[in-house]
Amino acid sequence: MKGAKKYDDSGAFSTVPTSVSSNAGANKERIMAEDDIVKNGNVRVPAEVFTFRELASATENFNSELLVGEGGFGRVYKGYLKKTNQIVAVKQLDRNGVQGNREFLAEVLTLSLVQHPNLVNLIGYCADGRQRILVYEYMHNGSLEDHLLDLDLDIGRKPLDWYTRMQIAKGAAQGLEYLHDTANPPIIFRDFKASNILLDQNFIPKLSDFGLAKLGPTGGQDHVSTRVMGTYGYCAPEYAQTGQLTTKSDVYSFGVVFLEIISGRRAIDGTKPPQEENLVEWAKPLFKDRRKFTLMADPLLQGNYPVKSLYQALAVAAMCIQEEASTRPLIGDVVTALEYLAIPIRATDQLDAQIQDHFQ
């Protein structure tokens, strides 16, 4: 890209913390980022470095009509890069928050280390002055939350069918599996929720928003101790109580989202009666009575799902949200189960036995 310098030397990432450290209060973030880099060895950054002017042009000066999302750390705009003829998502972080600096560094670092079909692709970033902006591939179907929990029938969206839900769950689990089992050291996502699962034009899911991601335990350690961060309703109980973070914390969060996918209910919903506000607490007594399993299916499915698949999906969700982290399955085991559940035409009963054996 003309005018955008591309870094591919082994020390490239140091340019990011250096530019951030020029701001008051950001020195701590610089040290944190450099500490993570030391743990990982040399880092090669394929991302483009954009100027603020380039990204302002791409978003028509961050036109509110191009706003496609807004979260705790900033706003996301749909943008167009003329020189590459590319539609992108431009995430402008809150300039007033130290947390924004931390998220920026974590996201650039993490997405510079990983690449997988179920992880969003970081195209580049901008660190001009106080500006902290990230540029991603644009995901045409928004987030899973848009199609599951904030469904707007008036704009032509239809409820997700059962197999599309299972395919999305499988792809999201595969993204976590890559982070946990292939990335070295492992990466704990720490903020797994429906709004952070983006969908492309074919409804293939990609995990996004790596601002809270943490490098997993190394050197024989079994957990990472850290300040409790994340979204209420999705955090694993042991992490919320002690700050001890493991890959099983992500498995719990996956279980909550999988319950959302099955039921169409939010993890926390203040519009429900008090006993139904918390999805996990609502589901626990229903898990104990097989006759009530169909009550947990999203009414928008209108009964269009294989009952046997519903039972098996609920069994996977129940295992993921176990109170004790040690009793939860590995995410790789979850992927194995979902690969089976996502097959529209069911295979032989032998596959049923394989799934059951896998979780025993």
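Me: Buried means under 20% relative accessible area, exposed over 50%, and partly exposed in between (1.4 Å probe, protein chains only). Why is E323 called partly exposed?

Reply: The structure is a predicted model, in which local features need pLDDT of at least 70 and side-chain atom pairs pLDDT 80 or more, while totals for chains, interfaces and linings use all residues. Residues are numbered from 1 along each chain as its sequence is written, and side-chain values use heavy atoms, without hydrogens and water. E323 has a relative accessibility of 43%, so it falls in the middle class.

Me: What makes E323 and K284 a salt bridge?

Reply: The term requires a side-chain nitrogen of Lys or Arg within 4 Å of a carboxyl oxygen of Asp or Glu. For E323 and K284 the closest N and O atoms are 3.0 Å apart, so the pair qualifies. This pair links distant parts of the chain, with E323 in the loop between α10 and α11 (331–341) and K284 in helix α9, 39 residues apart. K284 has a relative accessibility of 25% and therefore counts as partly exposed.

Me: Why are both K91 and D209 called buried?

Reply: K91 has a relative accessibility of 7% and D209 a relative accessible area of 17%. Both values are under 20%, so both residues are buried.

Me: Which residues are joined with K91 into one network?

Reply: K91, E107 and D209 are joined by salt bridges that share partners. E107 and D209 are also among the residues that K91 touches, along with R75, V76, E103, R132, I133, L134 and Y136, when residues up to four places away in sequence are not counted. Touching here is contact, meaning heavy atoms within 4.5 Å.

Me: What does the UniProt record say about K91?

Reply: The unreviewed UniProt entry places the feature "binding site" at K91. Such annotations may be inferred rather than shown by experiment.

Me: How do you know that K91 belongs to a strand?

Reply: Strands are DSSP runs of E with at least two residues, and helices are runs of H or I with at least four, numbered from the N terminus. K91 lies in strand β4, which covers residues 86–93. The protein has 12 helices and 12 strands.

Me: What makes D298 and R165 a link between separate parts of the chain?

Reply: D298 lies in the loop between α9 (279–287) and α10 (307–320), and R165 in helix α6 (residues 162–182), so their pairing ties together parts 133 residues apart in sequence. Their closest N and O atoms are 3.0 Å apart, and the two form a salt bridge. D298 is buried because its relative accessible area is 5%, and R165 is buried because its relative accessibility is 2%.

Me: How many salt bridges and disulfides are there?

Reply: The salt bridge count is 12. The disulfide count is 0, a disulfide being a pair of cysteine sulfur atoms within 2.5 Å. C126 and C320 each have a relative accessible area of 0%, so both are buried.

Me: How much of the protein counts as buried?

Reply: Of its 360 residues, 52% count as buried. Among contacts between residues at least 6 apart in sequence, 65% join residues at least 24 apart.
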